[in-house]
Amino acid sequence: MLANLRPTEILLILAVVFLLFGAKKLPDMARSLGKSARILKSEAKAMKREGEAERAADSGSKSQAPADAAPQAPRTIQAAPGDVASSRPVAEPNRTTQS
């Protein structure tokens with residue numbers, strides 16, 4: 001369906017989007033989309049690493065882990081570089097969860 005669009009139709013669609021959202025909001029929307037994509041990518045990588053670690057632990061369950069192994073640090077939600085306000089440990093309660 002999208003392969004049938006001609007360049008003039010694509011330009012018309014872009015012009016309508018530009019008029020609807022305005023020049024000021026488009027960079028903010030693109031920035032937030034990029035931030036969301038980075039978070040999604042990092043979470044997908046973390047889930048993949050955890051899955052590989054679980055498979056390795058299941059296949060190597062015959063060999064015990066050392067007793068002096070340090071506990072894992074709490075996972076942290078990653079945000080954009082320099083954006084420390086939205087990055088917090090997952091297990092840490094925030095203002096909305098505290099009574």
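**View 1. Glu-9 and Arg-6 join their side chains in a salt bridge, 3.4 Å from N to O.** A salt bridge here is a side-chain nitrogen of Lys or Arg within 4 Å of a carboxyl oxygen of Asp or Glu. The model is predicted: local features need pLDDT of at least 70, side-chain atom pairs count only at pLDDT 80 or more, and totals for chains, interfaces and linings use all residues. Residues are numbered from 1 along each chain as its sequence is written, and side-chain values use heavy atoms, with hydrogens and water left out. Arg-6 is exposed, at 54% relative accessible area. Glu-9 is partly exposed, at 27%. Buried means under 20% relative accessible area, exposed over 50%, and partly exposed in between (1.4 Å probe, protein chains only).

**View 2. Asp-28 and Arg-31 pair within helix α1.** The structure holds 2 salt bridges. In this one, the N to O distance is 2.9 Å. Both residues belong to helix α1, residues 7-59. They sit 3 residues apart, about one turn of the helix. Helices are DSSP runs (H or I, at least four residues), numbered from the N terminus. Asp-28 is partly exposed, with 43% relative accessibility. Arg-31 is exposed, with 52%.

**View 3. Nonpolar side chains form a surface patch of about 1,000 Å².** Among its members are Leu-5, Ile-10, Leu-14, Phe-21 and Met-29. Patch residues have over 30% relative accessible area and no salt bridge; nonpolar side chains (Val, Leu, Ile, Met, Phe, Trp, Tyr) are joined within 5 Å, like charges within 9 Å. Areas come from the Shrake-Rupley method with a 1.4 Å probe. Leu-14 lies in helix α1. Its relative accessibility is 51%, so Leu-14 counts as exposed.

Definitions and conventions
Helix = DSSP H or I, 4+ residues; strand = E, 2+ residues; numbered from the N terminus.
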